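This report describes the pockets, cavities, strand pairing and salt bridges of one protein model. Please consult the sequence and the structure below while reading.

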Amino acid sequence: MPPGELYITRVNEVYELSKDALILIKDAQAKGIIHRTPLYRSDTLSSLTNADVYLKLEALQKTGSFKVRGAYNAVTHYINDGVKHVVTASAGNHAQGVAYAAKMYGLKSTIVMPKYTPWIKISNTKKYGAEVILEGQSYYEAEKYATELAKELKAKMIHAYDDPFVIAGQGTIGWEIIEDLKDIDYVIVPVGGGGLISGIASVIKTIKPSTRVIGVQSEVTPSAYLSLKQGRIITVDNTDTIADGIAVKKIGDLTFDIMQNTLDDVVLVSDQEIVNAILILAESAKVIAEGAGAVAVAALLSGKINVKGNVVAIVSGGNIDVTILAKVLYKGLVQTGRLIMLKGLIPDRPGMLAQVTGVLGRLGVNIVEIRHERYNPLIRPNYTEVDIIVEAPPEEGAVDRVIEELSKLGFNFKVEAP
């Protein structure tokens with residue numbers, strides 16, 4: 001195939017399909033089936049990056065993720081071909097999108113999900129009427145099983161990202177960004193299998209070719225990053241990341257072709273950087289993002305991308321289990337120094353702890369938790385080791401003043417991470 005012909009074939013195909021998908025999605029939005037999600041300017045992120053940062057809040061989408069766009073577009077298309085039963089594999093968000101779309105049309109849906117899938121995603125998928133099968137330790141294994149199952153059931157397999165109608169549906173996000181923001185310098189997109197960024201990039205690069213489109217993956221599962229760097233599809237093994245929604249071992253053939261010809265770069269972020277992004281989004285934008293949904297913001301906050309002008313970061317999903325969210329927020333507070341531990345030895349006598357807590361109360365320090373250790377043989381007799389987890393005062397030098405005041409009473413405390 002001559003150079004450039006693949007680009008014209010694949011990118012233009014998705015671009016043209018996305019025009020039809022936009023009509024369908026707008027109709028679905030008018031009927032309340034799918035949301036037109038807001039493009040929200042974040043003052044906090046703008047000040048931290050010295051750019052105008054806008055968040056495309058797909059975490060507020062029906063089913064909690066952008067995935068419903070591609071699923072609805074694909075199911076609508078395949079219904080016209082006479083399909084009565086759809087099968088798919090998913091780590092959670094595409095599953096909910098397909099199950100929801102199938103329910104809207106009265107179709108039977110069978111969803112294969114990896115065994116590690118968060119409970120909330122399994123539960124929500126079942127609520128949409130799908131039959132859920134847990135199979136495999138990763139999306140890759142679930143996909144192989146679903147493909148064979150679809151053949152056995154004579155059902156239509158709707159791939160989570162390597163389907164042109166799915167990709168075109170995700171591309172409607174690109175159209176909406178263009179409608180809402182005249183000048184766009186950067187669009188930053190989470191990348192798993194590549195369906196979301198392939199759809200958005202096909203639209204953005206066709207209409208506004210000077211806009212830089214940059215993908216973001218977890219450094220734990222860098223399948224797209226390595227594939228684009230090496231010029232061939234690379235399969236990775238590790239999927240153990242908080243960004244489970246983009247923990248894809250192998251990107252698609254179609255998405256690889258599109259990404260090769262449209263993306264300006266792909267960067268990697270750590271799980272801790274993702275945790276910090278989830279915390280910032282919850283505090284500043286009042287939006288709950290799952291790990292995969294927060295990676296674009298993580299890339300901005302960590303300085304992995306140097307931006308200027310108008311920047312759009314896709315917050316792709318918000319389906320995070322509440323118990324995991326609690327742990328994530330706690331870790332984020334610790335990492336950013338918002339929660340600290342005061343550790344010290346005090347005489348094991350009545351009133352000693354009261355003196356310590358009295359100092360904290362007088363200085364306006366909120367105590368979160370207190371732990372005692374009396375029986376460690378390394379601790380001096382008649383003393384107890386006290387760990388006091390507190391919310392760090394926001395004023396500069398406040399923690400040093402706490403240590404100083406405790407020292408005046410003869411208590412030797414030091415600051416550690418909880």
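## The largest pocket

The lining of the largest pocket is made up of 15 residues, and Pro118, Thr241, Ile242, Asp244 and Ile324 lie nearest its centre. A pocket is here an open set of points on a 1 Å grid over the protein atoms alone, with protein on both sides within 12 Å along at least five of seven lines; a lining residue has an atom within 4 Å of a point. The space in this pocket amounts to about 250 Å³, where a volume is the space filled by probe spheres set on the points, and grid points are joined across faces, edges and corners.

The lining of the largest pocket contains 5 nonpolar, 5 polar and 5 charged residues. In this classification Ala, Val, Leu, Ile, Met, Phe, Trp, Tyr, Cys and Pro are nonpolar, Asp, Glu, Lys and Arg are charged, and the others, Gly among them, are polar.

## Basis of the model

The model is predicted: local features need pLDDT of at least 70, side-chain atom pairs count only at pLDDT 80 or more, and totals for chains, interfaces and linings use all residues. Residues are numbered from 1 along each chain as its sequence is written, and side-chain values use heavy atoms, with hydrogens and water left out.

## The second largest pocket

The second largest pocket has a volume of about 150 Å³. Its lining consists of Tyr140, Glu143, Lys144, His159, Tyr161, Asp162, Lys250, Ile251, Gly252 and Asp253. By class, these residues comprise 3 nonpolar, 2 polar and 5 charged.

Helix 6 (residues 139-153) gives the largest share of this lining, 3 residues. Helices (H or I, at least four residues) and strands (E, at least two) are DSSP runs, numbered from the N terminus.

An open sheet is formed by 4 strands in the order 5-4-3-6, with parallel pairing; two strands pair if DSSP finds at least two bridges between them. At the edges are strand 5 (131-134) and strand 6 (156-157), each of which pairs on one side only. Strand 3 (residues 85-89) and strand 4 (residues 108-113) run parallel and are joined by 5 bridges. Threonine 88 has isoleucine 111 in strand 4 as its bridge partner.

Helix 6 lies across strand 3, strand 4, strand 5 and strand 6, and runs at about 160° to strand 3. Axes are lines fitted to C-alpha atoms, for helices over the stretch in contact, and angles run from 0 to 180 degrees between N-to-C directions; contact means heavy atoms within 4.5 Å.

## Cavities

The structure holds 2 cavities of 30 Å³ or more, a cavity being a set of grid points where a 1.4 Å probe fits but cannot get out. The largest cavity has a volume of about 290 Å³. Among its 26 lining residues, Phe66, Lys67, Gly192, Gly245 and Ile246 lie nearest the centre. The lining divides into 14 nonpolar, 10 polar and 2 charged residues, and helix 8 provides the largest share, 3 residues.

The second largest cavity holds about 40 Å³ of space. Ile340, Leu342, Leu360, Val365, Val390, Ala392, Pro393, Val399 and Val402 line this cavity. Strand 11 (339-347) and helix 15 (398-408) are the elements that give two or more residues to this lining. The lining has 9 nonpolar residues, no polar and no charged.

## Salt bridges

The structure contains 27 salt bridges, each a side-chain nitrogen of Lys or Arg within 4 Å of a carboxyl oxygen of Asp or Glu. Aspartate 257 and arginine 10 form one through their side chains (2.7 Å, N to O). This pair links distant parts of the chain, 247 residues apart: aspartate 257 belongs to helix 10 (residues 253-262) and arginine 10 to helix 1 (residues 5-30).
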